[in-house]
Amino acid sequence: MNFNKYHQQDISSSKFLVTGGAGFIGSNLVAYLAQYQAAEIVVLDNLSTGYLENIAEFISNGQVRFIEGDIRNYKTCTEAMQGIDYVLHEAALGSVPRSINDPITTNEVNISGFLNVLQAAKEAGVKRMVYAASSSTYGDSPLLPKQEAVIGNPLSPYAVTKYVNELYADVFSRTYQFHSIGLRYFNVFGPKQNVNGPYAAVIPLFITQILNGERPVINGDGLTSRDFTFVSNVVQANIKALLADNLVKHEVFNVACNEQTSLTQLVSAITENLGSSLEPVYKPERKGDVKHSLADISKAGNQLHYQPEVLFKDGLKETITYFQELIGAS
């Protein structure tokens, strides 16, 4: 994927660390930095949910230095951080259902691992760290669209961990003057997203099910809605937050499109694109899921000049094409 340019500064002398850089969002951030000739790109990933093939071309051409390691090891974090100017922290254990099934590991990676990265970045004198926060932080708040200052009670262990990230980042800003930026992602999708395993995200899962002639499975009545966000919009927000010169404390921003799509509408859009007549199968709702999600993105627009360039409909078409080619080649 080729990206529009989202920065004005010269990054040819800057060194970047991308944790989780072999994963879905992380590898797209790596691709952006490589496209615009960053001086050095270091990727730290334990490959538990990421794949080397996502960044293989950048490793082979010398643009990326890959470190296989775990953020739960503080020494690994400090070693990866040496000489780094900017950190994009994407390493985490995602999925609400996974966190319900295994809250301890989710806590170890998302809280202890996060704190390791945050402390190591502070100690290394990193200029700025941008980290992956989550829309799950809004919990049971009924307010729509979601505004950064108004959250509810968390509905899953995963949501707890992502909110704790924000609390730690805010304390580090006020106590140590180390100012990081949290981006609350809203259901990111696009090329390189993993469809394997029991915790696959809904869009690649639906696409591959339909491509394989299977009826897609919807948990709940189908009215559950999301603000689906194409990955290039997330890359834009990360780069603008990382290099913004007007941020002088910890801040949190929604990253989304301000579009609301129900799961039934999502299935209809995919089947229409593929010329399929398959109807969804409805099963019970999952524990911990937020019923409706829609972002107010005005804060990111005002302070980061963030403006989503790829809206749901166009991003879905590009994603469908990617998985058609992937499945056709397998």
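Colleague: Why is Leu-266 called buried?

Modeller: In this predicted model, Leu-266 has a relative accessibility of 0%. A residue counts as buried when that value is under 20%, and therefore Leu-266 is classed as buried.

Colleague: Where is Leu-266 found, and which residues is Leu-266 in contact with?

Modeller: Leu-266 is part of helix H9, which covers residues 263–274. Apart from neighbours within four places in sequence, its contacts are Val-202, Ile-203, Phe-206, Phe-228, Thr-261, Phe-312 and Leu-316. Gln-82, in contrast, lies 184 residues away along the chain, and the two C-alpha atoms are separated by 44 Å.

Colleague: Why is Gln-177 called exposed?

Modeller: The relative accessible area of Gln-177 is 52%. The cut-off for exposed is over 50%, so Gln-177 belongs in that class. Gln-177 is placed in the loop between H6 and strand E6 (181–185).

Colleague: What makes the phi of Gln-177 worth a remark?

Modeller: Most residues other than glycine have a negative phi. Gln-177 is not a glycine, yet its phi is positive, at about 60°. His-305 also has a positive phi, near 60°, and is likewise a residue other than glycine.

Colleague: How do you know that His-305 counts as exposed?

Modeller: His-305 has 58% relative accessibility. Exposed requires a value over 50%, so His-305 qualifies. Its position is in the loop between helix H10 (298–304) and helix H11 (312–329).

Colleague: How do you know that the radius of gyration agrees with that of a compact globule?

Modeller: For 330 residues, a compact globule would have a radius of gyration near 20 Å. The protein chain has 19 Å, and therefore the two agree. The C-alpha atoms fill a box of roughly 55 × 45 × 40 Å along the principal axes. The chain contains 11 helices and 13 strands.

Colleague: How much of the protein chain is buried, and which residues touch the most other members of the largest nonpolar core?

Modeller: Buried residues account for 53% of the 330 residues. In soluble globular proteins, nonpolar side chains tend to be buried together. The largest nonpolar core here has 48 residues, and those touching the most other members are Ile-25, Val-30, Leu-33, Ile-41, Leu-183, Tyr-185 and Leu-304. A second, separate core has 25 residues, including Ile-71, Cys-77, Ala-121 and Val-126.

Colleague: What is Leu-183 in contact with?

Modeller: Beyond its neighbours within four places in sequence, the contacts of Leu-183 include Val-130, Tyr-131, Ala-237, Phe-253 and Val-255. For the chain as a whole, contacts between residues at least 6 apart in sequence may be considered: 83% of them join residues at least 24 apart.

Colleague: Where is the place of Lys-5, and what does Lys-5 touch?

Modeller: Lys-5 belongs to the segment before strand E1 (15–19). Not counting residues up to four places away in sequence, Lys-5 touches Tyr-32 and Tyr-36. Ser-136 is 131 residues from Lys-5 in sequence and 29 Å from it in space, C-alpha to C-alpha.

Colleague: How far apart are the mean positions of the positive and negative charges?

Modeller: The protein chain has 25 positive and 32 negative charges, and their mean positions are 3 Å apart. The accessible surface is about 14100 Å², with 49% belonging to carbon and sulfur atoms.

Definitions and conventions. Residues numbered from 1 in each chain as written. Predicted model: local features only at pLDDT ≥ 70, side-chain atom pairs only at ≥ 80, totals over all residues. Heavy atoms only, no water. Helix = DSSP H or I, 4+ residues; strand = E, 2+ residues; numbered from the N terminus. Rg over C-alpha atoms; globule rule 2.2 N^0.38 Å. Buried < 20%, exposed > 50% of the residue type's maximum accessible area, 1.4 Å probe, protein only. Contact = heavy atoms within 4.5 Å. Areas by Shrake-Rupley, 256 points an atom, 1.4 Å probe, with all protein chains shown as cover. Lys, Arg positive; Asp, Glu negative; His and termini not counted. Charge placed at Lys NZ, Arg CZ, Asp CG, Glu CD. Core = buried A, V, L, I, M, F, W, Y, C linked by side-chain atoms within 4.5 Å.
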